[in-house]
Amino acid sequence: MADALDALEASLPISTNGQVKETTSSKSSVTVSKPIPYTFDLGNLLVNDANPLPPNPSPAHLSSAARDCAQALINQLLTTCPITSSSDGVHMTLPPPTTPLPREKPLPTEKEKTQWEKFAAKKGIKDKKKEGKLVFDEETQEWVPKWGYKGRNKDGEGDWIVEVDEKKESKGVKGNEVGVGSEGRRERKEKARRNERSQRANERRGREKGNGAGGGG
């Protein structure tokens with residue numbers, strides 16, 4: 001670590017104890033002095049220069065002012081921010097930013113709640129924790145899919161003997177008997193169709209409400 005810090009100090013025009021090194025080269029001095037002191041936001045790597053520019057400044061004047069700002073920012077970083085060394089290299093820890101920056105895009109609008117979400121919020125119903133696509137079958141001691149081919153939602157449809165619901169049996173029409181397995185498949189498909197119709201109705205209501213809000217503006 002000591003070798004890395006020594007190499008860093010040797011390559012920079014300022015020592016790690018905050019003292020600016022003297023330079024005898026023809027390059028600009030690392031010491032920057034202005035009538036109005038700079039202010040800094042090191043978390044955003046920002047330097048504010050309140051010193052006025054002359055009317056119609058030349059490119060050379062603008063370049064000199066920009067160089068002084070950059071040099072002052074580097075000096076401030078090296079004298080105030082902690083520098084550490086690790087196996088990944090030399091690191092500098094910046095303080096938290098102090099200048100609030102504007103958003104590039106507007107805040108996202110809140111998504112319209114579905115009928116179920118409104119009902120659940122009113123009744124205090126919380127969403128179930130999302131689980132995987134497999135469920136453990138205690139009878140076969142295997143993991144099986146919840147839906148689809150050999151899914152648990154089809155349990156009982158292939159059984160050769162099942163318990164009959166007396167209420168449903170009493171409502172049946174004579175001469176039009178339907179197998180219990182077929183009845184289970186029909187109920188499952190009808191439930192899926194009801195869910196699809198409800199989803200389309202929710203989407204239609206959301207679009208109509210969105211169009212109404214847009215037309216009112």
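This is a predicted model: local features need pLDDT of at least 70, side-chain atom pairs count only at pLDDT 80 or more; totals for chains, interfaces and linings use all residues.
Is Arg 197 buried, partly exposed or exposed? With a relative accessibility of 42%, Arg 197 counts as partly exposed.

1. Salt bridge of Arg 197. The side chain of Arg 197 meets that of Glu 190 in a salt bridge, with 3.3 Å from N to O. Glu 190 has a relative accessibility of 25% and is likewise classed as partly exposed, because the buried class ends under 20%. The structure holds five salt bridges, and the pair of Glu 190 and Arg 197 is one of them.

2. The network around Asp 68. Salt bridges with shared partners join Lys 34, Arg 67 and Asp 68 into one network. Asp 68 takes part in both of the pairs described here: with Lys 34, the closest N and O atoms are 3.2 Å apart, and with Arg 67 the N to O distance is 3.0 Å. The pair of Lys 34 and Asp 68 links distant parts of the chain, 34 residues apart. Lys 34 belongs to the loop between helix 1 (2–11) and strand 1, whereas Asp 68 belongs to helix 2.

3. Asp 68 is buried, at 13% relative accessibility. Its two partners fall into another class: Lys 34 is partly exposed, with a relative accessible area of 28%, and Arg 67 is partly exposed at 27%. In general terms, side chains of opposite charge can pair when their charged atoms come close.

4. Aromatic pairs. The count comes to two aromatic pairs. In the pair of Tyr 38 and Phe 40, the ring centres are 6.3 Å apart and the planes stand at 70°, so the arrangement is edge-to-face. Tyr 38 is buried at 13% relative accessibility, while Phe 40 is partly exposed at 26%. The pair of Trp 116 and Phe 119 is tilted, with 5.8 Å from centre to centre and 35° between the planes.

5. Trp 116 and Phe 119 are separated by about one helical turn, because they are three residues apart in helix 3 (residues 115–123). Trp 116 has a relative accessibility of 48% and counts as partly exposed. Phe 119, at 39%, is also partly exposed.

6. Strand 5 (residues 134–137) and strand 6 (residues 142–145) run antiparallel and are joined by four bridges. Val 135 stands opposite Val 144 of strand 6, and Phe 136 has Trp 143 of that strand as its bridge partner. Four residues lie between the strands of this hairpin, in which Gln 141 takes a positive phi near 55°.

7. Leu 45 is not a glycine, yet its phi is positive, at about 55°. Leu 45 sits in the loop between strand 1 (39–41) and strand 2 (46–48) and is partly exposed, with a relative accessible area of 47%. Asn 56, also not a glycine, has a positive phi of about 50°. Asn 56 is found in the loop between strand 2 and helix 2 (59–80), and at 78% relative accessibility it counts as exposed, because the exposed class begins over 50%.

8. Leu 94 is placed in the loop between strand 4 (89–92) and helix 3. At 36% relative accessibility, Leu 94 counts as partly exposed.

9. Asn 202 in helix 5. Asn 202 has its place in helix 5 (residues 180–216). Its relative accessibility is 17%, so Asn 202 counts as buried. Once neighbours within four places in sequence are left aside, Asn 202 is in contact with Thr 114 and Gln 115.

Technical notes: Residues are numbered from 1 along each chain as its sequence is written. Side-chain values use heavy atoms; hydrogens and water are left out. Helices (H or I, at least four residues) and strands (E, at least two) are DSSP runs, numbered from the N terminus. Buried means under 20% relative accessible area, exposed over 50%, partly exposed in between (1.4 Å probe, protein chains only). Contact means heavy atoms within 4.5 Å. Two strands pair if DSSP finds at least two bridges between them. Rings of Phe, Tyr and Trp (its six-membered ring) pair if their centres lie within 6.5 Å; planes under 30 degrees apart count as stacked, over 60 as edge-to-face and the rest as tilted. A salt bridge is a side-chain nitrogen of Lys or Arg within 4 Å of a carboxyl oxygen of Asp or Glu.
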